[in-house]
Structure formats: C-alpha cells, structure tokens
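Q: I have a structure to go through with you. Could we start with the terms and then look at individual sites?

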Amino acid sequence: MTVLAIDIGGTKLAAGIVGSAGRILARGEVPTLAAEGPERVLNRVLRLAENVLATPGVSADAIQRIGIGCAGPVDRQGGLILNPPNLPGWVRIPLVEHIEKALGRPTVLENDANAAALGEFRYGAGKGASSLVYLTVSTGIGSGIILDGKIWHGVKDGAGEVGHMTLLPDGPVCGCGNRGCLEALASGPSIARRAREALATGQPSRLRAAGDFTAADVVHLAQEGDAIAAEVWNETVEYLGLGVAAIVTILAPERVVIGGGVSQAGDFLFVPLRREVRRRVKLVVVESVPILPAALGPDVGILGAAAVALEP
Ligand SMILES: [Zn+2]
C-alpha cells in the first residue's frame with residue numbers, strides 16, 4: 001500500500017509518499033512558522049501535501065490513506081490537535097476532518113513521539129522485534145511504547161511519557177509542571193542549564209569561554225576532558241540510565257531505541273548508558289535488552305506518520 005505521510009512539528013512540516021517496506025517515493029519540507037497561527041500553518045500543510053502528490057512519476061491515485069504525526073497532545077479518536085506547547089494558538093483544531101475534506105483520503109492521527117516509535121519499530125532499529133520503547137532526547141524527551149506490535153496508548157492516550165518520570169523529588173521544575181522529571185534533567189536545554197549551574201561553583205572550565213553554549217558543546221568539551229563538562233555529562237548519563245533502567249525493569253522490552261540530538265553523542269552516550277542500566281537492573285536479563293541508537297535519522301517523522309497510516 002502507498003500512503004501519504006505528514007509530520008507536523010513546531011519548527012518544520014514534512015510530507016512524503018511512502019510505499020511498501022518504508023520506501024520514500026517523494027518528499028518535501030517547509031518551515032512551520034508556527035507563530036503565524038493554525039490557519040496559515042494548515043494552509044502550508046495542504047500546499048506541501050499537494051506539491052508532494054504532484055511529484056512527477058508518482059501516482060497520486062495510488063494513495064489509499066494518509067497518516068499524520070503531530071506535536072501532542074492530540075485526541076486521536078476525534079482527530080483533534082488539542083493544545084501543543086510548540087504550536088501556539090492550536091486549541092482543539094479538527095485536523096483530520098480538514099485534511100480528509102481537502103485531500104479525500106481516510107486519515108489517521110497520532111502524536112509525533114508515538115508515530116516515531118512506530119516508525120523505528122516497523123522500519124528502523126526495532127525491525128523484527130515485537131516490543132520496543134523509543135525515546136527522543138532533544139529539546140524535550142519524547143517517547144513511545146510499542147507492546148505486542150502496537151502503540152500502547154493507555155487511558156485517554158496518556159501513556160508513554162517516559163520523559164516525565166520523576167527522578168528527583170525536589171528537582172528543577174519541568175515544562176509539565178512537575179519537579180525533577182527526566183526531561184528537566186537530561187534534555188538538551190536541561191544539560192546546558194546544569195552546566196551553567198556547575199560553572200557557578202567557580203571551577204575553571206572551557207565552557208565559560210563558549211559563552212551561550214548548548215548540550216552539544218558540553219558533550220564536545222566532556223570528550224576533550226574538561227572536568228566540569230565531564231561531570232555534567234556523567235550525571236546526564238546517570239539520569240538517562242535511571243530512566244532506561246526503570247523502563248527495562250517494568251516492561252522488559254525487546255529493544256530500547258534512543259534518538260534525538262543528544263543521541264548524536266554516539267558511543268560516548270551509549271557505552272556508559274548501557275553500563276549504567278546493567279548496574280541498576282537486577283530482575284530482568286538485561287543483556288537481552290539491546291539499547292540502540294535510532295536508525296531512521298531525519299526520516300523518522302515521515303516514516304513514523306507512514307507507519308501510523310499503515311496500522312490495521
Ligand atoms: Zn515533566
């Protein structure tokens with residue numbers, strides 16, 4: 001089956017035509033310009049979709065379904081975008097109705113983290129497994145849980161928010177309103193924030209010269225042996241290790257897959273992270289739970305939305 005996949009994020013919109021086995025036959029991408037509000041963004045989504053459908057050599061008639069991954073929270077049954085923090089002004093927008101009316105195909109909606117989890121499960125690092133937990137560690141920490149081949153949605157579609165498990169009861173305030181969530185400690189901005197706090201101790205560090213630094217600078221300087229950067233990175237690995245160890249202990253999934261900007265640290269993240277998880281998990285055969293980098297890279301948005309469209 002061939003589907004149209006649409007990925008709606010706070011910074012970019014992507015669309016693609018995806019054939020069997022996750023082959024991307026056509027694609028396009030434009031900035032979201034979210035500040036312009038829902039109406040103009042929706043028009044951009046439609047124009048992008050129409051452009052992709054008009055790609056020479058692609059038969060638009062072959063498209064049977066449309067899958068959308070969108071920044072959450074979403075109401076899947078109602079096809080609504082509820083009020084995503086990174087899409088200002090979107091309140092209960094009937095996205096599915098809008099797309100079905102304009103493009104005339106049955107349309108399925110999923111939040112972007114769940115869609116990405118399903119994309120990795122079908123076409124990426126989860127291929128061949130029957131269960132998987134996916135985390136994307138970047139500006140925030142998004143995640144999705146696949147059990148017995150299906151997204152685990154939970155009550156009112158609230159499941160899978162691994163990034164919002166509490167690790168420090170009195171820790172920093174999280175975007176969700178709680179304190180000490182994994183996201184408030186180990187997302188990219190949280191890593192940079194902890195590094196800034198560490199600098200306040202007055203110890204020498206090359207981070208100071210880096211000025212307005214990011215998590216990527218922390219990783220880079222930690223690799224070069226900067227003591228403060230290394231300490232902040234070790235803590236980051238420990239926090240992520242606590243989170244992943246909890247997931248493994250509760251679900252014993254066949255794979256844990258980690259994507260997002262922070263995962264670009266590669267072995268510098270994955271080697272000590274696996275060690276930390278092994279150290280924490282006692283009741284699951286932890287060697288049987290591979291902790292793997294995401295495999296789909298920048299295609300995860302399109303392939304995730306395609307996987308959603310292809311769900312039975
Ligand atoms: Zn939180």
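A: Let us begin with accessibility: buried means under 20% relative accessible area, exposed means over 50%, and partly exposed lies in between (1.4 Å probe, protein chains only). By that rule His164 is partly exposed, with a relative accessible area of 22%.

Q: What kind of model is this, and how are residues numbered?
A: This is a predicted model, in which local features need pLDDT of at least 70, side-chain atom pairs count only at pLDDT 80 or more, and totals for chains, interfaces and linings use all residues. Residues are numbered from 1 along each chain as its sequence is written, and side-chain values use heavy atoms, with hydrogens and water left out.

Q: Which residues are the protein donors of the zinc ion?
A: They are His164 through ND1, and Cys174, Cys176 and Cys181 through SG, lying 2.0 to 2.3 Å from the zinc ion. Donors are N, O and S atoms within 2.8 Å of the metal (3.2 Å for Na, K and Ca); water is not among the atoms, so sites may look incomplete.

Q: What is the geometry of the zinc site?
A: The site is tetrahedral, with angles of 104 to 121° among the four donor atoms. Four donors count as tetrahedral if all angles lie between 85 and 135 degrees. The ideal angle for four tetrahedral donors is 109.5 degrees.

Q: How are the donor residues spaced in sequence?
A: The spacing is H-x9-C-x1-C-x4-C. His164 and Cys181 are 17 residues apart, and both are in the loop between β10 (150-151) and α4 (182-186). Helices (H or I, at least four residues) and strands (E, at least two) are DSSP runs, numbered from the N terminus.

Q: Is Cys181 buried or exposed?
A: Cys181 is buried, with a relative accessible area of 0%.

Q: Changing topic: how do α1 and α2 cross?
A: The axes of α1 and helix α2 (residues 95-103) come within 11 Å and cross at roughly 40°. That makes α1 oblique to α2. Axes are lines fitted to C-alpha atoms, for helices over the stretch in contact, and angles run from 0 to 180 degrees between N-to-C directions. Angles under 35 degrees count as roughly parallel, over 145 as roughly antiparallel, 65 to 115 as roughly perpendicular and the rest as oblique.

Q: Which residues meet there?
A: Leu42, Val45, Leu46, Ala49, Glu50 and Leu53 in α1 meet Leu95, His98, Ile99, Ala102 and Leu103 in α2. Contact means heavy atoms within 4.5 Å.

Q: Where does Gly57 lie?
A: Gly57 is in the loop between α1 (38-53) and β4 (63-70). This glycine is exposed, with a relative accessible area of 87%.

Q: What about the backbone: which peptide bond is cis?
A: The bond from Gly72 to Pro73 is cis, with omega near 5°. Pro73 lies in the loop between β4 and β5 (74-75). Most peptide bonds are trans, and most residues other than glycine have a negative phi.

Q: What is the phi of Asp157, and what is that of Ala252?
A: Asp157 has a positive phi of about 60°, and Ala252 has a positive phi of about 40°. Asp157 is partly exposed at 21% relative accessible area, and Ala252 is partly exposed at 38%.

Q: Lastly, what does Ser263 touch?
A: Ser263 touches Val137, Ile258, Leu269 and Phe270, not counting residues up to four places away in sequence. Ser263 counts as buried, at 11% relative accessibility.

How values were computed
Tetrahedral: all angles 85-135°; square planar, octahedral: opposite > 155°, others 65-115°.
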